[in-house]
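Trainee: Could you show me how to read the features of this one, step by step?

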Amino acid sequence: MAIDLQGRSLVITGGGTGIGAATAIAAADAGLSVCICGRRPEPLETIVEKIRGAGGQAIAVTNDVTAPGSEIELLDAAEQAFGPTWAVFANAGRGLDRTGHETTDNEMKEIFEVNFFATHRLMAEAASRMVAHGQGGHLLACASCLSRFAIPRHAAYSATKASQDILCQAMRLELKPMGIHVSSVHPITTTTEFFDVTATVSGREESRALEETPRFFLQSSEQVAEAIIRCLRRPRPEVWTSRIVRLVTVARSLFPRLLDRRLRDIDR
Ligand SMILES: NC(=O)c1ccc[n+]([C@@H]2O[C@H](COP(=O)([O-])OP(=O)(O)OC[C@H]3O[C@@H](n4cnc5c(N)ncnc54)[C@H](OP(=O)(O)O)[C@@H]3O)[C@@H](O)[C@H]2O)c1
């Protein structure tokens, strides 16, 4: 039976832009109260105003997920506003356009801080609170299709996404007896700020990723958000937004040499 989302609450990191913002809006439309965070206050306020303007409930917390303790501040704020949190979506993240052998130790640690350690801190704190509350819940992490196969120059990024993926798999097994669902989300190329941010942190002038990705493999944040809301209603282990790319992940396991030949020519 589908879960009635009305009156429940959802915490989203990186909720001011892209996939996080689209999910916040779709979730509020579905009746959830939403608490979003990010480092920049302006985009967060824009989303909160949009949700409230449409009759929904939302608050924003300006914080940096890499600061230890920020997950406590975020969950406390959500709880104070809306009561015990039903679901969290660890979505804040960024890329790095760098080959594996040119990635420095520091760059590797920095991207793991945002994409993986912050995801773990939020999911662990939220899970502990859900267990104590005894009413179940739902943890989601925004991994990527690149959690299952790599493309050139995104080694560190894929490593963080694979780590999120396996963390979700393990936590799903552990938390199921407590009625807590855990889902990993695996978007394909999505039209967001992500590629500009990745170019900037990588010291590149611009990214041509969105222009160079075949239209067939492009999707909007709203498409990802819709799939996430479906998963909140009817929890499932993994959210995939492209059947073809999902098949690629299977082929990657069965025929690694063949897939390497196709994937090594991808340049974006
Ligand atoms: N776009 C794609 O093609 C794609 C594909 C697969 C997976 N994903 C994943 O989807 C997630 C969302 O990305 P997006 O595509 O929606 O890009 P985006 O618009 O750049 O969203 C990233 C969000 O994370 C926030 N953020 C980044 N670092 C943060 C930090 N240290 N503390 C708090 N918030 C932080 C950003 O806000 P502030 O800058 O204000 O902090 C921003 O709102 C990421 O995990 C990404 O890896 C994206």
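Trainee: Let's start with Glu79: buried, exposed or partly exposed?

Mentor: Buried means under 20% relative accessible area, exposed over 50%, and partly exposed in between, with a 1.4 Å probe and protein chains only. Glu79 has a relative accessible area of 33%, so it is partly exposed. A word on the ground rules: this is a predicted model, where local features need pLDDT of at least 70 and side-chain atom pairs count only at pLDDT 80 or more, while totals for chains, interfaces and linings use all residues. Residues are numbered from 1 along each chain as its sequence is written, and side-chain values use heavy atoms, with hydrogens and water left out.

Trainee: Which side chain meets Glu79 in a salt bridge?

Mentor: A salt bridge here is a side-chain nitrogen of Lys or Arg within 4 Å of a carboxyl oxygen of Asp or Glu. For Glu79 the partner is Arg129, at 3.0 Å from N to O. That pair ties together distant parts of the chain, 50 residues apart: Glu79 sits in helix α3 (residues 70-82) and Arg129 in helix α4 (residues 105-133). Helices are DSSP runs (H or I, at least four residues), as are strands (E, at least two), numbered from the N terminus.

Trainee: How many salt bridges does the count come to?

Mentor: The count is 15 salt bridges. Glu113 is partly exposed, because its relative accessible area is 28%. Then take Glu212 and Arg208, which form a salt bridge at 3.3 Å, N to O. Glu212 counts as partly exposed at 44% relative accessibility, and Arg208 is partly exposed too, at 41%. Back with Glu79, salt bridges that share partners join Asp76, Glu79, Glu125 and Arg129 into one network.

Trainee: Which other residue can I look at in helix α3?

Mentor: Ala77 is one of them. It is partly exposed, since its relative accessible area is 22%.

Trainee: Which residues are closest to the ligand?

Mentor: A residue is near a molecule if one of its heavy atoms lies within 4 Å of it. By that rule 28 residues surround the ligand, and the closest are Thr17, Arg39, Tyr157, Thr190 and Thr192. For the polar side, a polar contact is a pair of N or O atoms within 3.5 Å; within protein, one must be able to donate a hydrogen and the other to accept it, and residues adjacent in sequence count only if both atoms are side-chain atoms. An N or O atom in the side chain of Thr17 is 2.7 Å from a ligand oxygen, and Arg39 also has a side-chain N or O atom at 2.7 Å from an oxygen of the ligand. Lys161 puts a polar side-chain atom 3.0 Å from a ligand oxygen.

Trainee: How much of the ligand's accessible area does the protein cover?

Mentor: Accessible areas come from the Shrake-Rupley method with a 1.4 Å probe; for residues, only the protein chains shown count as cover. On its own the ligand has 880 Å² of accessible area, and the protein covers 95% of that. The elements giving two or more residues to the shell are α1 (18-29), α5 (155-175), β7 (189-190) and α6 (194-201).

Trainee: What joins the side chains of Asp97 and Arg153?

Mentor: A polar contact of 2.6 Å. Asp97 lies in the loop between β4 (87-90) and α4 and is buried, since its relative accessible area is 9%. Arg153 is in the loop between β5 (137-142) and α5, and at 24% it is partly exposed. Check the backbone of Arg153 as well: phi is near 70°, a positive value in a residue other than glycine.
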